[in-house]
Amino acid sequence: MKRDLIIGIFILGVFVSGCIGSTTNEIKDREVKLIIFHAGSLSVPFQQLEREFAEYAEKNLGVKVTFQDEASGSVKAVRKVTDLGRKADIVAVADYTLIPQLMVPNYTDFYVLFATNEIVIAFTDKSKYADEMLKNPDRWYEILARKDVKFGFSDPNQDPCGYRSVMVMKLADLYYKKPIFETLVEKTTNIYANGTHIYAPKEIQVKDRRVVIRPKETDLVALVESGSLDYFFIYKSVAEQHNLKYITLPNEINLKDFSKADFYGQVSITLGSTGKTIKAKPIVYGVTVLKDAPNRDLAIEFLKYLLGENGQRVFKENYQDFITPPIAFGNVPEEIKRLVKVEG
């Protein structure tokens, strides 16, 4: 009987070890796809993060990770989930307020503020009056208004860079005390303002061929590089990443300076695409993992990678300022609490 018991234990041990071994092999051999919808201005740092995380996950987590990476305007990225019902693991936007406004509580219950930026005007040596723009950056609005100059910005209904660009031009009215918004926006498109409040119709129309509008700000990069567009409003990090020339704007209008938040807040915009009204404010990016993320555990691992030292390094390498520590709101997952400052 004792002999039978020993044999039974031995067989059970072999069986258990075999199960553990096969489970480990299944994890190591498994390929998991993370679906990420993100702002176009995050394309360069996120591509680097995804490459690095794939190597990290295979080495340390035993998982082969592939990515379905979709860059778009941030409003469009959110609406893929809220309006089209598409599944995603992670949504990262250039305006963090889109998450609490449009995604909480139905699609997510937390979000993290992790990066900042500023609006600049970018161009190349091919751009008309490029030398003059560099020498006299305070005259940027006069140069953009010239009949032989083509300039652009992204669609306010799809992209925060678009609605920020038109708000920058309205803030310029207040700062320079000149009708800059009327000249550059109202006379060339169907976007209009009542006082300091801007309205972007659901269908944006261009009334002047000198103005070019595209779904997201990075769509305009190639046009400027080819010389078919002279200038465009863009995030500083994107201009740096693409080695474009650019001029910086005064802190009172560039949406960079947190101490100027009250001045920015004088201007607001209502978007025809969502019906939401957004006040001008310092630029802050936000990220979340969705409640019904197809691979939520791995998505949280990617979020940890983004919010930790590796993410900070990648963003620094790609000329974008990182918030240290990142600031989290809502039902913050335990796994990331040590990496963030929890508010609210």
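The largest nonpolar core holds 113 residues, and Phe114, Trp140, Phe233 and Leu306 have the most contacts inside it. Helix α7 (residues 160–176) contributes the most to this core, with nine residues. A nonpolar core here is a set of buried Ala, Val, Leu, Ile, Met, Phe, Trp, Tyr and Cys residues joined through side-chain atoms within 4.5 Å. Buried means under 20% relative accessible area, exposed over 50%, and partly exposed in between, with a 1.4 Å probe and protein chains only. Helices (H or I, at least four residues) and strands (E, at least two) are DSSP runs numbered from the N terminus.

Before going further, a word on the model. It is predicted, so local features need pLDDT of at least 70 and side-chain atom pairs count only at pLDDT 80 or more, while totals for chains, interfaces and linings use all residues. Residues are numbered from 1 along each chain as its sequence is written, and side-chain values use heavy atoms, with hydrogens and water left out.

Let us start with Trp140. Not counting residues up to four places away in sequence, Trp140 touches Ile121, Met133, Met169, Ala172, Tyr176, Ile180, Leu184, Phe233, Ile247, Leu249 and Ile253; contact means heavy atoms within 4.5 Å. With the same exclusion of residues up to four places away, Ala172 touches Trp140, Lys177, Ile180 and Ile253. For a sense of scale, Ala172 and Ile300 are 128 residues apart in sequence and 41 Å apart in space, C-alpha to C-alpha.

Asp173 is also found in helix α7. Asp173 is buried, with a relative accessible area of 14%. Leaving aside neighbours within four places in sequence, Asp173 is in contact with Lys178, Pro179, Ile180 and Phe181.

Seven of the nine residues of strand β1 (residues 31–39) are buried, so β1 is largely enclosed by the rest of the structure. Strand β1 pairs with strand β2 (residues 64–72) in the parallel sense over nine bridges, where pairing requires that DSSP finds at least two bridges between the strands. Glu31 has Lys64 in β2 as its bridge partner. Helix α3 (residues 74–82) is likewise largely enclosed by the rest of the structure, because seven of its nine residues are buried. Those buried residues are Ser74, Val75, Ala77, Val78, Lys80, Val81 and Thr82, and their cover includes β1, β2, β3 (90–93), α4 (98–102), α7 and β12 (268–271).

On a 1 Å grid over the protein atoms alone, a cavity is a set of points where a 1.4 Å probe fits but cannot get out, and a pocket is an open set with protein on both sides within 12 Å along at least five of seven lines; lining residues have an atom within 4 Å of a point. The largest pocket contains about 230 Å³ of space, and its lining includes Lys76, Arg79, Lys80, Asp83 and Leu84. By class, that lining has two nonpolar, three polar and seven charged residues.

A search of the whole structure finds one cavity of 30 Å³ or more. Asp95, Tyr163, Arg164, Met167, Ile278, Lys279, Ala280 and Lys281 line the largest cavity, and α7 gives the largest share of this lining, three residues.

Technical notes. Points joined across faces, edges and corners; volume = space filled by probe spheres on them. Nonpolar A, V, L, I, M, F, W, Y, C, P; charged D, E, K, R; others polar.
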